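I opened the model to look up a few helices and the packing around them, and I keep my entries here in the order in which I made them.

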Amino acid sequence: MHHHFRNVLLVIFIAMLSACSIHIGHRHMIYDDDFFFELKAPNKASRNALSFNDDETDIEVLPESISLVIGDLVLGQKRRLQIENVSGKVEYEYRVNGKVSAYNSDAQLWFASQVPRILRETGINKTERIQRIYQANGAVALINEIALIESDSSKGAYLLETIQTIKLESSEISALISLSSTIESDATLSAILQAAVDSATSEIDVNAVLQPAKTIESDASLSSLLGNLPSEQLGTHSVQKTFFNLAQTIESDSLLSDVFVKQVANMTVASESTDAMLNSLNSIQSDYQMREAMTALAKSSNHERHLVDLVKLAQNEIHSDYELASLLLQIIDENEISQELQEQVYTAANSIDSDYERSRVLNRLIDIVISQ
């Protein structure tokens with residue numbers, strides 16, 4: 001009996017869920033202390049067809065079966081307006097303090113005052129609105145408008161599209177980057193910062209790009225950003241220090257190793273940044289991934305002066321005899337071997353427990369020394 005009752009409840013619950021999904025369709029809601037907005041549409045296409053006039057005072061197109069509810073509370077007065085398209089006819093229900101009132105000129109002025117906020121916080125007509133504001137009043141006005149947006153998703157969408165579609169000065173891009181610091185979505189923030197670098201018509205302050213990136217917790221988003229920054233803009237010590245400190249926060253050995261392979265191997269690392277680079281590299285726990293990263297550095301002419309430091313680090317941190325021997329052999333075979341590097345490779349080779357792996361390195365080192 002108990003089992004049968006549970007099955008009946010399950011059937012009822014599934015039916016309720018099905019009914020809700022049909023009824024809700026596409027829904028967008030905003031709740032604030034003094035503001036409420038709800039949009040219901042049968043699907044996303046209908047929602048996207050909704051549009052407001054260029055003056056941002058009224059609805060221009062309200063597709064059938066869409067309903068809007070707007071409300072606010074100001075100085076103790078509560079207003080609520082419901083607008084819906086019922087069988088092709090737009091109907092308005094306006095209430096003040098819960099009582100139905102005429103949708104007169106005063107009510108229309110109140111609704112007109114709410115439209116800019118609705119557009120900001122929902123992203124409705126975003127593409128047209130960005131272009132309209134920019135063409136009418138310029139980049140500064142557009143930046144100021146975006147600064148008013150409280151919704152994380154809407155602000156992120158505005159920032160990304162503005163950077164991707166408007167030709168901006170470096171100072172204007174920097175202003176938009178500053179606004180991105182409040183974005184909570186790692187993927188959105190990473191995309192905004194990447195777009196800022198990609199769209200810059202002249203060199204921008206990469207440190208300004210990397211500062212908001214400190215809030216990115218997703219390894220995938222952060223590694224993608226760091227791996228795709230233009231290497232020519234990573235040439236100063238201050239930028240490199242920030243870059244490596246950020247890289248060190250990537251917990252995935254594979255993704256951090258990829259950053260070294262893709263990005264760091266092509267960087268000319270300032271001498272003051274060497275410790276930051278090595279500390280970042282040292283945060284890789286996997287012997288295989290560390291060897292992959294070090295191999296990429298060792299192959300690059302940009303890192304010849306770091307080879308001794310790399311060998312020292314490898315000796316202390318790579319515990320696999322095979323991985324350490326493979327790295328040392330690669331360094332020996334592909335680089336000019338100085339006296340200091342010979343001694344360091346010799347020391348590292350003698351730390352290998354496996355007779356086979358140790359002899360592979362030492363025999364090859366002897367051949368190189370004799371040939372020189």
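I began with Leu313, which I found in helix 14 (residues 307-317), helices being DSSP runs of H or I of at least four residues, numbered from the N terminus. This is a predicted model, in which local features need pLDDT of at least 70 and side-chain atom pairs count only at pLDDT 80 or more, while totals for chains, interfaces and linings use all residues. Residues are numbered from 1 along each chain as its sequence is written, and side-chain values use heavy atoms, with hydrogens and water left out.

Leu313 is buried, at a relative accessible area of 12%, where buried means under 20% with a 1.4 Å probe and protein chains only. Setting aside neighbours within four places in sequence, I listed Leu278, Leu281, Asn282, Met294 and Ile318 as its contacts, a contact being heavy atoms within 4.5 Å. I also noted that the C-alpha atoms of Leu313 and Ala348, 35 residues apart along the chain, are separated by 9.5 Å.

Next I turned to helix 4 (residues 126-147), which spans only 15 Å between its end C-alpha atoms, whereas a straight helix of 22 residues would span 32 Å at 1.5 Å a residue, the expected span being 1.5 Å times one less than the number of residues. I located a kink of about 130° in helix 4, centred on Asn137; the bend is the angle between axes fitted to the seven residues ending at a residue and the seven starting there. Among the buried residues of helix 4 I recorded Ile130, Ile133, Leu142 and Ile146, and the cover over its buried residues includes helix 3 (105-122), helix 5 (152-165) and helix 6 (170-179).

Definitions and conventions: Helices (H or I, at least four residues) and strands (E, at least two) are DSSP runs, numbered from the N terminus. Buried means under 20% relative accessible area, exposed over 50%, partly exposed in between (1.4 Å probe, protein chains only).
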